[in-house]
Amino acid sequence: MTANKVLKVGMHDEDMFDREKRIPWIKFNLLQKSKVLVVGAGALGNEVGKNLVLSGFKNISIVDMDKIVKSNLSRCALFRIEDAEKGLLKAEVLARELKKLDKTVRVSWYSKPIQELPEDFLKEFDIIFGCLDNIMARLYINSHAYYYGIPLVDGGTLGTSGKVQVVLPPRTACIECGMNKTHFKNLEQIFSCSGREDVTIYSPKLPAEITTTAVISALQVLSGIKIISKQYDSLPYNLIYYDGYRNVFEVLEVPLNSHCPNHITQPTKPKKEKKRK
Ligand SMILES: [Zn+2]
């Protein structure tokens with residue numbers, strides 16, 4: 001054994017990701033090279049962003065139009081009370097804090113509605129994480145991601161319940177496939193009540209707490225790691241339902257709805273894998 005191959009006590013402690021690299025199926029080099037988009041920088045966005053950086057993702061973009069308020073602080077570990085007092089932008093502060101977790105991470109941010117970014121903005125990414133509480137934005141990223149053949153891992157919480165849907169075009173259903181008549185009726189009411197695009201819709205504040213956010217965001221990022229590592233057989237097909245109060249954790253299948261508009265225009269082939277060096 002040559003001198004430079006001698007193992008020294010503590011040498012592995014110098015690698016931030018040493019423990020994760022011991023999990024054989026995780027393709028760490030692919031995580032580092034992938035480009036990921038986090039839509040929503042609130043509670044789920046904070047946790048998903050933190051999980052991404054601490055899992056080794058290096059190229060992260062964030063979209064969120066909101067400013068930080070004090071009621072965000074109980075579920076957003078990376079925001080501070082000073083950020084709320086100054087009314088700073090969620091996307092900007094999340095980007096700032098993610099770089100502190102790992103200074104080699106490249107983070108870009110956009111403080112505007114996802115619908116106002118260029119039509120083909122989403123196609124630059126290898127995976128999209130939906131961290132939204134806004135149904136219109138959720139449907140927008142769903143239809144665009146499906147069209148471009150980009151995996152979408154969408155999370156949502158309500159009180160101590162939550163769900164994660166893995167949308168893997170063209171093999172799984174999309175989010176709209178799982179919407180029922182009540183969902184669409186609610187959307188119709190929103191538009192018929194306002195009649196104008198520039199009207200702000202009042203939506204009641206929904207109950208939320210951090211442990212459910214932490215569970216759902218962890219499942220989102222773990223699904224993302226599996227997708228990037230090409231571990232498709234171990235993915236949940238295609239919806240995980242979690243009820244923390246009743247201790248329920250289920251995987252349900254959302255069937256593809258042949259009437260869903262997103263499958264009429266879907267590409268005939270999945271997105272080609274980019275060559276990775
Ligand atoms: Zn669909």
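Figure 1. The structure is a predicted model, in which local features need pLDDT of at least 70 and side-chain atom pairs count only at pLDDT 80 or more, whereas totals for chains, interfaces and linings use all residues. Residues are numbered from 1 along each chain as its sequence is written, and side-chain values use heavy atoms, with hydrogens and water left out. The protein donors are Cys174 (SG), Cys177 (SG), Cys260 (SG) and His263 (NE2), which lie 2.2 to 2.4 Å from the zinc ion. Donors are N, O and S atoms within 2.8 Å of the metal (3.2 Å for Na, K and Ca); water is not among the atoms, so sites may look incomplete. The angles among the four donor atoms run from 83 to 126 degrees, and the site is irregular. Four donors count as tetrahedral if all angles lie between 85 and 135 degrees; four count as square planar and six as octahedral if opposite donors are over 155 degrees apart and all others between 65 and 115; anything else is irregular.

**Figure 2. Helices α3 and α5.** The axes of α3 (residues 43-55) and α5 (residues 90-101) come within 10 Å and cross at roughly 30 degrees. That makes α3 roughly parallel to α5, since angles under 35 degrees count as roughly parallel, over 145 as roughly antiparallel, 65 to 115 as roughly perpendicular and the rest as oblique. Axes are lines fitted to C-alpha atoms, for helices over the stretch in contact, and angles run from 0 to 180 degrees between N-to-C directions. Helices (H or I, at least four residues) and strands (E, at least two) are DSSP runs, numbered from the N terminus. In α3, Gly45, Asn46, Gly49, Lys50, Val53 and Leu54 meet Leu94, Leu98 and Leu101 in α5, where contact means heavy atoms within 4.5 Å.

**Figure 3. Helices α3 and α8.** The axes of α3 and α8 come within 9 Å and cross at roughly 45 degrees. That makes α3 oblique to α8. Residues of α3 in the contact include Ala43, Leu44 and Val48, and those of α8 include Ile210, Ala214 and Val221.

Figure 4. The peptide bond from Pro169 to Pro170 is cis, with omega near 0 degrees, and Pro170 is found in the loop between β6 and α7. A cis peptide bond also runs from Tyr237 to Asn238, with omega near -5 degrees. Asn238 is placed in the loop between α8 (210-228) and β7 (239-243). Lys230 is likewise in the loop between α8 and β7; although not a glycine, Lys230 has a positive phi of about 60 degrees.
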